[in-house]
Amino acid sequence: MGKSDFLSPKAIANRIKSKGLQKLRWYCQMCQKQCRDENGFKCHCMSESHQRQLLLASEDPQQFMDYFSEEFRNDFLELLRRRFGTKRVHNNIVYNEYISHREHIHMNATQWETLTDFTKWLGREGFCKVDETPKGWYIQYIDRDPETIRRQQEQEKKKKQDLDDEEKTAKFIEEQVRRGLEGKEQQESPVYTELNRENDEEKVAFNLNKGASTSVAASSKTSNVLGPSALKMVGGAGSVKRKEPAHSSGQSKEKKKKSALDEIMEFEEEKKKTARTDYWLQPEIVVKIVTKKLGEKYHKKKAVVKEVIDKYTAVVKMIDSGDKLKLDQTHLETVIPAPGKKVLVLNGGYRGNEGILESINEKNFSATIIIESGPLKGRRVESIQYEDISKLL
């Protein structure tokens, strides 16, 4: 066999090397060609095909960078969704699996310089949930597939039905307790009368186990001093038995029933506070734009939500200019009005109810509102967070 034979050891070794990953500095993204050494990369840069690709890129470099950035983002998110799902995972683990593919798009050809910048961008754009730890950045994919959203809606609908059934049961129990208390108060209402002595001939009697002689003498003296109109004292020395009023037991039962009712109401309140979702947009609420990507013209300006798309996206109309924008909920925040103004509850057990802002607690970033719609009208809700309410137009 000759040296250039297909089955020669050198040819086989070259093919094995070409399949694996090579050094990044000898890779040409424009031509998508990997060179094995510095000499090969130098020869490639001097080739006619590479020069033609450089001329094409020089005409519109931003277009090529946007294309590579989009391909890199799509491939990265597809690997994250397919391989890890919605689990929380370190960003470097996902990146190492991504670059193990020989034909992947290299990050030095995109708009992001480092993996940390790319991770932060994913969090700002709402593709993933990101958090920084001492061990590095972790990412969690947000699945917005229509089928997944449909299943989540069905689960939320089922939870809401269960919650409605529990509210009906609690109201029924509250009504039964109220009726029972009303009947008890009518039957056992206390009657206050004037204190009158029934028998003026009664005497005071003492019963002492020790010193009976002295007690007899004392009783004779007492009968002479107090006379026949003294009250009768029965029992041990100095102890007096008094008849309890008939309504005391009724009051104690009433207190027990009220405490049980309070426990049920507190339990229902806690359940309402835990019923939260990761979306909060509602039509006709006033919001503030917090993203800087739209420029100073819209940054920190207020707008009104006109339409909600897929729960996480809103079409808003600027209050000052009247311009219409389509923004994700991560680019918006709620607006807290002055006390006495109308607000709408956006999250929690009171979601969808209108109310009046009563007061604001700036230290805890919370507010107190009074519900003005629905079956809970008139209820006073305390310590509701700023992000759970917004000004209603």
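Visitor: Which residue of strand 12 does K342 stand opposite?

Guide: This is a predicted model, and in it K342 stands opposite I356 of strand 12. To read such a pairing, find the two strands and then the direction in which they run. Here strand 11 (residues 342-345) and strand 12 (residues 354-361) are paired in the antiparallel sense, over 3 bridges.

Visitor: How many bridges join strand 12 to strand 13?

Guide: There are 6 bridges, again in the antiparallel sense, and strand 13 covers residues 366-371. N361 faces S366 in strand 13. The hairpin of strand 12 and strand 13 has 4 residues between the strands, and there F365 takes a positive phi near 55°.

Visitor: What is the strand order in the open sheet of 5 strands?

Guide: The order is 9-8-7-6-10, with antiparallel pairing. Strand 9 (324-328) and strand 10 (332-334) are the edge strands, each pairing on one side only. From one strand to the next, the twist averages 45°. I309 has T313 of strand 8 as its bridge partner.

Visitor: Now the aromatic residues. How many aromatic pairs does a search of the whole structure find?

Guide: The search gives 13 aromatic pairs. For each pair, look at the distance between ring centres and the angle between planes. F72 and W112 are 6.1 Å apart, centre to centre, with 40° between the planes, and this pair is tilted. Next, ask where the partners lie in the chain. F72 is in helix 4 (residues 61-84), while W112 is in the loop between helix 5 (91-99) and helix 6 (115-125); the two are 40 residues apart.

Visitor: Are F72 and W112 buried or exposed?

Guide: F72 and W112 are both buried. A second pair, F76 and F118, is edge-to-face, at 5.0 Å centre to centre and 90° between the planes. Because F76 lies in helix 4 and F118 in helix 6, this pair ties together parts that are 42 residues apart in sequence. F76 and F118 are buried too.

Visitor: Which residues form one aromatic cluster?

Guide: The cluster consists of F72, F76, Y98, W112, F118, W121 and F127. Y98 is also one of the buried residues of helix 5, together with N91, V94 and Y95. Viewed down the axis of helix 5, these buried residues fall within an arc of 100°, so they line one face of the helix.

Visitor: What do the buried residues of helix 5 pack against?

Guide: They pack against helix 4, strand 3 (88-90), helix 6 and strand 5 (136-141).

Visitor: What does S69 touch, leaving aside residues up to four places away in sequence?

Guide: Start with its place: S69 is found in helix 4. Burial is judged by relative accessible area, with under 20% taken as buried. S69 has 5%, and so is buried. Its contacts, with those sequence neighbours left out, are T110, Q111 and W112.

Visitor: Which ring does the charged end of R88 sit over?

Guide: The charged end of R88 sits over the ring of Y138, at 4.2 Å from its centre. To read this kind of feature, check that the charge lies over the face of the ring. Another case is R83, which lies over the face of F84, 4.8 Å from the ring centre.

Methods:
Residues are numbered from 1 along each chain as its sequence is written. This is a predicted model: local features need pLDDT of at least 70, side-chain atom pairs count only at pLDDT 80 or more; totals for chains, interfaces and linings use all residues. Side-chain values use heavy atoms; hydrogens and water are left out. Rings of Phe, Tyr and Trp (its six-membered ring) pair if their centres lie within 6.5 Å; planes under 30 degrees apart count as stacked, over 60 as edge-to-face and the rest as tilted. Buried means under 20% relative accessible area, exposed over 50%, partly exposed in between (1.4 Å probe, protein chains only). A charge sits over a ring if NZ of Lys or CZ of Arg is within 6 Å of the ring centre and within 35 degrees of the ring normal. The arc is that of the directions from the helix axis to the C-beta atoms. Contact means heavy atoms within 4.5 Å. Two strands pair if DSSP finds at least two bridges between them. Axes are lines fitted to C-alpha atoms, for helices over the stretch in contact, and angles run from 0 to 180 degrees between N-to-C directions.
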